[in-house]
Amino acid sequence: AIVFTPGLPAESLAAAMARNLPQLGALELTELTAVGPVDGRYRRNTKNLAQYYSEFGLIRYRVHVEIEYFLALMEKVPAGATFPKDAGPKLRAIVEGLTLEQAA
């Protein structure tokens with residue numbers, strides 16, 4: 001659990017809360033993995049950006065943030081007392097295994 005400390009620099013708090021997702025590498029060009037119009041002509045230069053800046057990247061990180069927020073919330077609210085302790089890894093596995101088909 002992360003404890004908020006008044007006066008703690010925002011960078012330290014962000015670093016403490018950061019949880020990196022696994023790298024996806026080069027994604028095949030699809031509607032969900034396109035970074036933008038530059039993908040056609042410049043795909044060889046932009047393919048590694050797709051995991052961050054494509055529609056799929058947005059969906060993947062959105063799910064990641066929502067799961068982490070939910071888990072942090074369950075540590076703070078009374079309803080979280082009955083929340084299964086082994087649910088965190090199971091929920092995190094959702095985003096780690098997210099496929100293009102599921103995101104579509």
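Biologist: Before we count anything, which rings pair in this model?

Modeller: The model is predicted. Rings of Phe, Tyr and Trp pair if their centres lie within 6.5 Å.

Biologist: How many aromatic pairs does that give?

Modeller: The count by this rule is 3 aromatic pairs. Y52 and Y53 form an edge-to-face pair, with 6.5 Å centre to centre and 65° between the planes.

Biologist: Are those two buried or exposed?

Modeller: Y52 is partly exposed at 36% relative accessible area, whereas Y53 is exposed at 59%.

Biologist: And what about F70 and F83?

Modeller: F70 and F83 also form an edge-to-face pair, 5.3 Å centre to centre with 75° between the planes. This pair links distant parts of the chain, 13 residues apart: F70 belongs to helix α4 (residues 55-76), and F83 to the loop between α4 and α5 (87-96).

Biologist: Which residues do ring pairs link into a cluster?

Modeller: The cluster consists of Y52, Y53 and Y61.

Biologist: Changing topic: where is T33?

Modeller: T33 sits in the loop between α1 (10-17) and α2 (39-46).

Biologist: Why does T33 count as buried?

Modeller: Because its relative accessible area is 0%, and buried means under 20%.

Biologist: What does its side chain meet?

Modeller: A polar atom of the T33 side chain lies 2.6 Å from the backbone oxygen of E28. Beyond four places in sequence, the contacts of T33 include L27, D39, R43 and L100.

Biologist: Which residues make up the largest nonpolar core?

Modeller: That core has 7 residues: L27, L32, A50, F56, I59, L98 and A103. Leaving out residues up to four places away, L27 touches T33, R43, K47, A50, Q51 and F56.

Definitions and conventions
Residues are numbered from 1 along each chain as its sequence is written. This is a predicted model: local features need pLDDT of at least 70, side-chain atom pairs count only at pLDDT 80 or more; totals for chains, interfaces and linings use all residues. Side-chain values use heavy atoms; hydrogens and water are left out. A nonpolar core is a set of buried Ala, Val, Leu, Ile, Met, Phe, Trp, Tyr and Cys residues joined through side-chain atoms within 4.5 Å. Buried means under 20% relative accessible area, exposed over 50%, partly exposed in between (1.4 Å probe, protein chains only). Contact means heavy atoms within 4.5 Å. Helices (H or I, at least four residues) and strands (E, at least two) are DSSP runs, numbered from the N terminus. A polar contact is a pair of N or O atoms within 3.5 Å; within protein, one must be able to donate a hydrogen and the other to accept it, and residues adjacent in sequence count only if both atoms are side-chain atoms. Rings of Phe, Tyr and Trp (its six-membered ring) pair if their centres lie within 6.5 Å; planes under 30 degrees apart count as stacked, over 60 as edge-to-face and the rest as tilted.
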